[in-house]
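Please keep the sequence and the model at hand while reading.

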Amino acid sequence: MVASIHRNAADNATQQLALPMGTQDAEPRLGRRSERLEERLAERRADREEEAASSHERVGFELGWDYAHHGLTPPVDQLFRQSPLQQGWQLGRSTFGARTLKSHRHTQLWLSLRLHAWQRGRNFETLLVTPNYLQQLDTTHCPVSRLALNDDADHPQRRSIDRVRDDAGYAAGNLTLMSHAANLAKSDRGWQQCWAMAQSLRQGPMTMAGGLNAEAWERMAVLASFVTPMAHELAATLPLLVMPSNRMRLFNPVQALQALVTRQLATPGWSQRLTRLEALMATQQRADFSKFVLALVPRVLRCQSLTDPMDIRWALEDAWRDPLLQKRWTRFASQLTAEQAEQLVQRAASKHLSNVHVQSHGSAGTDGWALERQGFRDAA
């Protein structure tokens with residue numbers, strides 16, 4: 001935990017008062033001032049503690065209310081008299097009776113995720129993160145380990161939804177579905193730490209860490225890089241070793257362009273779409289983009305014989321392990337600025353050249369992420 005001390009103007013004024021000199025009662029007056037200052041600081045600490053407690057109680061009460069609204073029972077360890085969650089649940093039960101909302105697996109997951117966040121003081125954005133939103137994150141395989149996901153509560157490959165950035169809250173765009181084992185391995189690591197772990201494994205003698213090999217750690221790193229702002233020059237050098245999860249927000253425009261271009265080859269008509277996309281570029285950019293496509297296409301032609309969507313996805317991701325492909329992409333992407341990359345993505349979307357929905361969030365991209373509080377809940 002990192003703690004910082006902030007002084008406001010009133011504190012500074014009190015501390016900078018000139019000390020009386022040459023008077024007999026100087027020490028008593030100084031002592032009284034010190035006592036008053038201590039009293040004020042104690043009052044402020046008490047106010048902050050009360051605000052934090054009231055926020056904790058309010059969020060817990062709302063959570064219990066929603067459990068009751070969906071006709072579900074909270075975990076038994078929360079059903080004690082002093083718990084605000086239990087109080088909200090009891091009042092909700094008496095209010096709704098049998099008139100509850102229909103619930104399903106993602107409703108239970110939504111409530112469990114909120115409970116997990118509440119117990120740890122993490123911010124949870126409930127406006128966009130709903131059961132329906134969580135349902136859109138569903139996938140059959142872990143994007144990191146590529147192992148089939150499981151619904152068994154004790155299985156290491158069971159489904160687990162968590163934050164990609166540990167310094168942000170549970171908010172739209174910062175959540176992904178992976179296996180419980182991969183989630184545990186990631187812990188609070190950022191993309192650079194995950195990438196360093198992969199390179200360490202490649203050097204040996206160890207080949208596994210946290211149950212993941214070097215390739216899995218590289219996929220973890222790229223997944224985390226999507227929601228991490230970085231210099232355009234650096235983002236342009238990263239290979240697309242894993243596709244962005246559904247509904248993930250990409251902070252680096254060049255990675256959004258990279259994903260848009262790669263996804264083209266997953267569906268018929270990609271040649272015409274890439275030709276139209278190339279026409280939106282400047283002359284020199286077109287030449288380097290064409291060289292990149294010529295390197296990409298032969299490596300994903302095998303996708304044409306694949307029918308399973310997950311096999312197609314993995315073939316596209318693995319194509320980015322080719323050094324020549326990555327070299328040609330970096331050469332092309334480095335000619336663009338971040339603004340030009342963003343404009344290309346937006347123009348492609350407006351001309352329906354993308355086979356997935358593209359949405360620009362602008363300054364609202366991190367609403368509910370609580371980045372200024374490292375992802376923790378506000379005390380107010």
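Does Trp65 count as buried, partly exposed or exposed? Trp65 counts as partly exposed because its relative accessibility is 26%, where buried means under 20% relative accessible area, exposed means over 50%, and partly exposed lies in between, with a 1.4 Å probe and protein chains only.

The model is predicted, and therefore local features need pLDDT of at least 70 and side-chain atom pairs count only at pLDDT 80 or more, whereas totals for chains, interfaces and linings use all residues. Residues are numbered from 1 along each chain as its sequence is written, and side-chain values use heavy atoms, with hydrogens and water left out.

**Aromatic pairs**

Rings of Phe, Tyr and Trp (the six-membered ring of Trp) pair if their centres lie within 6.5 Å, and planes under 30 degrees apart count as stacked, over 60 as edge-to-face and the rest as tilted. By this rule the count comes to nine aromatic pairs, and two of them are tabulated here.

| Pair | Centre to centre | Angle between planes | Class |
|---|---|---|---|
| Trp65 and Phe96 | 4.9 Å | 70° | edge-to-face |
| Phe251 and Trp369 | 5.2 Å | 40° | tilted |

Trp65 lies in helix 2 (residues 26-69) and Phe96 in helix 3 (residues 84-96), so their pair ties together parts that are 31 residues apart in sequence; helices here are DSSP runs of H or I with at least four residues, numbered from the N terminus. Phe96 counts as buried, at 12% relative accessibility. In the other tabulated pair, Phe251 lies in the loop between helix 9 (232-235) and helix 10, and Trp369 in the segment after helix 15, so parts that are 118 residues apart in sequence are tied together. Phe251 counts as partly exposed at 23% relative accessibility, while Trp369, at 0%, counts as buried.

Helix 12 (residues 283-300) has 18 residues and reaches 26 Å from its first C-alpha to its last, close to the 26 Å expected at 1.5 Å a residue, the expected span being 1.5 Å times one less than the number of residues. Among its buried residues are Gln285, Phe289 and Phe292, and what covers the buried residues of this helix includes helix 10 (253-264), helix 11 (270-278) and helix 13 (309-319). Gln285 counts as buried because its relative accessibility is 11%; not counting residues up to four places away in sequence, Gln285 touches Phe332, Gln335, Leu336 and Gln340, contact meaning heavy atoms within 4.5 Å. Phe289 and Phe292 form one aromatic cluster together with Trp320, Trp329 and Phe332.

**Charges over rings, and a loop proline**

The charged end of Arg114 sits over the ring of Trp110, 4.6 Å from its centre, and Arg122 lies over the face of Phe376, at 4.0 Å from the ring centre; the criterion is NZ of Lys or CZ of Arg within 6 Å of the ring centre and within 35 degrees of the ring normal. Pro75, found in the loop between helix 2 and helix 3, is partly exposed, with a relative accessible area of 31%. Apart from residues up to four places away in sequence, Pro75 touches Tyr67 and Leu115, and the C-alpha atoms of Pro75 and Leu115, 40 residues apart along the chain, are separated by 9.4 Å.

Conventions. Helices (H or I, at least four residues) and strands (E, at least two) are DSSP runs, numbered from the N terminus.
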